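Please keep the sequence and the three-dimensional view at hand while reading.

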Amino acid sequence: MTEKLSSFPGGLVLDGQKRRSTQTPIRQMPLSKKLILPLQQHIGEASVPIVEVGDKVLKGQKIARAEGHVSVCLHAPSSGVIHAINEQPIPHPSGLSALCISIETDGEDRWIDHQGINDFTQLSEHELRQRIRIAGIVGLGGAGFPSFIKLNPGVQHHIDTLILNGVECEPYITCDDMLMREHANGILDGIEIMQYALQVKNTIIAIEDNKSEAISAIEQALTQRKLPNTRVVVVPTRYPAGSEKQLIQVLTGKQVPTGKLPIDLSIVCHNVGTSYAIGRAINHGEPLISRIVTVTGTDVKHAGNFEVLFGTPMDELLAFCDTKHQPGEPFILGGPMMGYNLSGVNLPVTKTANCILVGVDNAAPQSKPMPCIRCGECATACPVSLLPQQLYWHARAKDLEKTQEYNLFDCIECGCCSYVCPSKIPLVHYFRFAKTETMNQQQETLKADHARIRHDNRQDRQELEKKEKQERQRQRKAALAATKAAKEKEAAEQSDEVDNVENK
Ligand code: SF4
Ligand code: SF4
């Protein structure tokens with residue numbers, strides 16, 4: 001039966017360029033001599049090292065613990081020795097460095113003792129979530145949000161629908177497509193666990209209609225497994241159908257309101273790669289230590305998908321795929337629409353690195369942006385119904401308040417507006433800049449508020465101490481005066497007694 005689907009405004013039909021990286025099965029990237037593991041590979045607080053330089057570690061051994069509520073653990077992707085715990089360049093548009101644990105691998109790739117659970121239904125939902133957290137699992141679709149949190153709706157929410165996102169709408173990226181083709185059963189393992197953890201009634205595995213092999217593989221696995229109330233829904237290929245809110249709109253016709261989350265519509269959405277990782281963690285006891293990475297682009301000779309251990313230097317991966325790329329030259333991390341340019345040597349593959357793109361077909365020559373001609377094309381293309389032209393004016397003028405009035409934070413940075421702009425204005429760059437500036441300002445305001453509160457508290461404390469001191473002094477003086485008065489009284493009484501004796 002064909003599903004009745006809805007749609008979202010705007011969006012684009014793009015040349016997917018997917019064939020380039022789907023002609024060979026997933027290959028294993030050879031073990032690197034050195035693995036560099038940033039402690040911050042997820043949204044939330046960075047993990048905290050529990051190893052020291054010189055320690056020997058085994059594959060899968062926990063090397064950093066979760067810190068705070070929004071955080072997960074980190075594990076050694078292979079056996080070896082802790083070589084350093086220091087600041088290293090990380091794959092981030094800022095080009096900044098961050099604290100990393102480096103492992104010199106010993107080539108043995110020796111696992112720590114580990115085992116899965118035969119029947120996960122013997123565990124409570126809470127125990128399952130804790131295991132998923134300890135296994136270091138985060139959303140592998142790109143955001144890197146700790147998955148155990150999305151499996152905990154809390155008492156105030158009841159989840160009706162679990163959506164598995166296998167849409168992968170951005171051109172060139174095919175890691176989810178290949179995972180669905182080759183590991184359909186592993187993905188269903190994770191789905192079963194999530195269904196149990198969330199106690200959902202209804203599960204949808206959403207796949208774009210340009211992935212016929214993945215659709216067949218998942219449908220076949222579903223037929224064999226007979227998972228109740230679970231079905232594949234094929235959605236039309238249109239960018240950015242894979243963005244969470246747009247996908248929910250396509251599947252359910254419901255819009256997630258501004259400032260709300262899918263959970264407010266009783267929906268939870270997870271990426272298919274995340275589901276696979278959850279299956280490995282619970283059924284096999286394996287923490288998240290690797291992922292599938294697409295390496296593709298016009299300058300890649302052997303494009304494809306690779307299972308890569310976290311911490312593997314991207315340069316080595318690019319060399320393995322025979323690219324024209326030289327260490328230090330720029331490349332794109334992610335896809336051509338939402339990815340960002342990186343350059344630098346020894347940048348490691350992390351949990352959120354889904355694609356490395358070197359060379360884009362029909363890339364527009366870097367032309368200088370022209371003035372806005374107010375054509376409105378950007379607004380037509382925007383899948384969130386924003387007004388990118390107005391946002392652009394205000395972001396350019398650094399009028400951050402106005403950008404908020406135009407719902408800057410609803411922008412999903414899909415890049416549709418920049419793509420269609422005839423004046424070649426890099427609109428999304430302005431929006432990213434305005435968001436960063438706003439967040440920095442908010443941080444500054446928060447810091448200033450904290451400083452003011454600390455200052456006020458200190459003054460109150462000093463005032464109180466002063467008053468207490470004055471009170472103590474007053475009490476001491478009063479006591480002294482009382483003692484003196486008592487002594488004087490006693491002396492006077494004694495003198496009276498003497499007078500009385502003498503007068504007798
Ligand atoms: S598409 Fe470009 S030129 Fe047209 S209104 Fe938007 S910003 Fe201006
Ligand atoms: S980048 Fe933002 S403003 Fe531009 S089309 Fe996408 S959501 Fe709309």
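A residue is taken to be near a molecule or strand if its C-beta atom, placed from the backbone, lies within 6 Å of it. The structure is a predicted model, in which local features need pLDDT of at least 70 and side-chain atom pairs count only at pLDDT 80 or more, while totals for chains, interfaces and linings use all residues. Residues are numbered from 1 along each chain as its sequence is written, and chains are lettered from A and ligands numbered from 1 in the order in which they are written.

The surroundings of the ligands come first. Around ligand 2 there are 15 residues, of which the closest are Cys382, Cys411, Cys414, Cys416 and Cys417. Two or more residues of this shell are given by each of α12 (416-420) and α13 (427-503); here helices (H or I, at least four residues) and strands (E, at least two) are DSSP runs, numbered from the N terminus. The largest share, 3 residues, comes from α13. By class, the shell around ligand 2 holds 13 nonpolar residues, 1 polar and 1 charged. In this classification Ala, Val, Leu, Ile, Met, Phe, Trp, Tyr, Cys and Pro count as nonpolar, Asp, Glu, Lys and Arg as charged, and the others, Gly among them, as polar.

A residue is buried if 20 or more other C-beta atoms lie within 10 Å of its own, exposed if 12 or fewer, and partly exposed in between, with C-beta atoms placed from the backbone. After α10 comes Lys398, which has a positive phi near 55°.

The strands may be considered next. Six strands, in the order β1-β14-β13-β17-β15-β16, make up an open sheet of 6 strands with mixed pairing; two strands pair if DSSP finds at least two bridges between them. At its edges stand β1 (27-28) and β16 (340-342), each of which pairs on one side only. Within the sheet, β13 (residues 290-296) and β14 (residues 304-309) run antiparallel and are joined by 6 bridges. Arg291 has Val308 of β14 as its bridge partner. Helix α3 (residues 175-182) packs on this sheet and touches β13, β14 and β17 (355-357), its direction making about 120° with that of β13. Such axes are lines fitted to C-alpha atoms, for helices over the stretch in contact, and angles run from 0 to 180 degrees between N-to-C directions. Two residues are in contact if their C-beta atoms, placed from the backbone, lie within 7 Å.

Another open sheet has 4 strands in the order β2-β8-β7-β4, with antiparallel pairing. Its edges are β2 (34-38) and β4 (56-57); each has a single partner strand, so one side of each is left without a neighbour in the sheet. Strand β7 (residues 80-89) is joined to the antiparallel strand β8 (residues 97-105) by 9 bridges. In this pair, Ala84 has Ser102 of β8 as its bridge partner.

The domain assignment of the protein chain gives domain 1 (19-342) and domain 2 (377-437). Such bounds come from an automatic or database domain assignment. The centres of the two domains, taken over C-alpha atoms, are separated by 29 Å. Their contact takes 6 residues from domain 1 and 8 residues from domain 2. On the side of domain 1 that touches domain 2, 3 residues are nonpolar, 3 are polar and none is charged.

Some details of the backbone remain. Most residues other than glycine have a negative phi, and most peptide bonds are trans. The peptide bond from Tyr239 to Pro240, however, is cis, with omega near 0°, and Pro240 is found in the loop between β11 (230-235) and α6 (244-252). Gln199 is not a glycine, yet its phi is positive, at about 55°. This residue lies in the loop between α4 (184-198) and β10 (202-208). Is Gln199 buried or exposed? Gln199 is exposed, because 11 other C-beta atoms lie within 10 Å. Asn407, in the loop between α11 (400-405) and α12, also has a positive phi, near 60°.
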